[in-house]
Amino acid sequence: MKAKGQKSKVIWWAATAVFGARSDQSLEGAIKARSHLHTGHNLIRFGPPPACMLYWNVRLVRHPSTSRFSMKIHEYQAKAILAQYHVPVPRGEVAFTVEEAEAAAKKIGGSVVVKAQIHAGGRGKGGGVKVVKDAAEAAAVADKMLGMTLVTHQTGPEGRVVQRLLIEETLPIERELYLGIVLDRVQGKPVFMASAAGGMEIEEVAAKTPELILKEAFEPGIGLAAYQCRKLAFGIGIPATSVNAAAAAMSALAKAYVATDASLAEINPFILAKDGKVYALDAKINFDDNALYRHKDLMELRDINEEDPLEVEASKHSLNYIKLDGTVGCMVNGAGLAMATMDIIKYAGGSPANFLDVGGGANAEQVKNAFRILLSDKNVKAVLINIFGGILRCDTLATGVVAAARDLNIKVPIVVRMEGTNVELGRKVLLESGFNFTVGEDMRDAAEKVVKLAAAH
Ligand code: GDP
Ligand code: MN
């Protein structure tokens, strides 16, 4: 699996390694992983379609106030939430400027850690976590870090601009452990994971030695039981004198996960300090978007700077858009058809530039917005419009497409495959428009044509 563009790699690795591909947490992850899977061997091209099934689950119950799937927050925000539930966290403060960073470091006193706040992990290896000896050095490091583009294995090569820092007390680390909770869809329960092999190599542990990750499923209504906490604490080698503290932290983490309707909560590293105390040294929480309507306070933690601008734009127009890294732009109505379209583009030897579901009842305006968003991706070399006309009639779609082509001055070749209500009328509108649309006879034909055009463009 390629790491590029995969925002939730840790979860993805942990979930696939521990539970198998059926129990991933995010649709976004599923779609991206699916798109990456298909770059592999022929044998898995037409494997079972877990993403489709998952999609319908997510879609049917999704609350209309939001159209993302799993809201991410920053480490400092996650730590503030954990602290409310009595998970021990280091003393620290967020800083948006060099002055704030220096003031925070002075207040904490002595040596501090300066940590870049971006919605991606792997910061330690990417240069986004620096231990400094005093406030003056903290200011110097903050000056370098703020505004820098931090590239980690989770950000993709384009990286993320650092706009916030967390200034935190340093702690004498004895051991780095791992704690995490994800939803296991197979068991229908959250699963608590713990490992002695915490720290920056956890993805490798999940991939190569999944047996080093201990698991305990629990009922959300009951929480992680005391015996489960102790079992995990002993299992990851916590010394007897620290077991109570570790077990309490685990129980608190599980409470926070359930109470906030999280889809993922992860502490990596969870540390045992030299004095025998335990702390969450890092924290990551993602929330289930379907439940966000009942957490107005959490919704305010959203940081749009961290989201893909095209995805933010698409969500404003109620379009389900996820950017991928291929060259064939896809405009499709219906999630199942969108998935099938991605598959058939792969099968024809191409690669989709995005997942886009304009919805069953799209109007001409939405079609136009969808086009604009699709085409602002510079990688798009050709577009495949694959529509089944049900509620959205083919002639309405065709009229929308022609209007969009006129307004947006579209230069890339467009292949259209339509079926359903008023299909003849729709084809006629396209063919008589004066634009050079290619009409595909069926899905395979359309996919082959668009892949050829994308390669030539
Ligand atoms: P990530 O790489 O994005 O997951 O960032 P983390 O917050 O996990 O930090 C990466 C690594 O930096 C950790 O595994 C620790 O080894 C180290 N680190 C973070 N905070 C401290 C600290 O307070 N003291 C020391 N000595 N090391 C720290
Ligand atoms: Mn970490």
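**Helix packing in a predicted model**

Helices α15 and α16 are roughly parallel to each other, because their axes cross at roughly 15°, in a model that is predicted.

**Figure 1. Contact of helix α15 with helix α16.** Helix α15 spans residues 394–408 and helix α16 residues 423–431, and their axes come within 7 Å. The crossing of the two helices is right-handed. On the α15 side the contact is made by Cys394, Asp395, Ala398, Thr399, Val401 and Val402, and on the α16 side by Val423, Leu425, Gly426, Val429 and Leu430. These residues divide into 8 nonpolar, 2 polar and 1 charged.

**Figure 2. Contact of helix α5 with helix α7.** Helix α5 (residues 98–108) packs against helix α7 (residues 135–145) at an angle of about 150°, and the axes are 8 Å apart. The two helices are therefore roughly antiparallel to each other. α5 passes α7 in a right-handed crossing. Val98, Ala101, Glu102, Ala105 and Lys106 of α5 meet Ala135, Ala138, Ala139, Ala142 and Asp143 of α7. Of the residues in this contact, 7 are nonpolar, none are polar and 3 are charged.

**Figure 3. The protein chain around the two helix pairs.** The chain holds 17 helices and 19 strands. Of its 457 residues, 56% are buried. Among contacts with a separation of 6 or more, 70% join residues 24 or more positions apart. The accessible surface of the chain comes to about 19300 Å², and carbon and sulfur atoms account for 56% of that surface.

Technical notes
Residues are numbered from 1 along each chain as its sequence is written. Chains are lettered from A and ligands numbered from 1 in the order in which they are written. This is a predicted model: local features need pLDDT of at least 70, side-chain atom pairs count only at pLDDT 80 or more; totals for chains, interfaces and linings use all residues. Side-chain values use heavy atoms; hydrogens and water are left out. Axes are lines fitted to C-alpha atoms, for helices over the stretch in contact, and angles run from 0 to 180 degrees between N-to-C directions. Helices (H or I, at least four residues) and strands (E, at least two) are DSSP runs, numbered from the N terminus. Angles under 35 degrees count as roughly parallel, over 145 as roughly antiparallel, 65 to 115 as roughly perpendicular and the rest as oblique. A crossing is left-handed if the near helix is turned anticlockwise from the far one by less than a right angle, and right-handed if clockwise. Contact means heavy atoms within 4.5 Å. Ala, Val, Leu, Ile, Met, Phe, Trp, Tyr, Cys and Pro count as nonpolar, Asp, Glu, Lys and Arg as charged, and the others, Gly among them, as polar. Buried means under 20% relative accessible area, exposed over 50%, partly exposed in between (1.4 Å probe, protein chains only). Accessible areas come from the Shrake-Rupley method with a 1.4 Å probe; for residues, only the protein chains shown count as cover.
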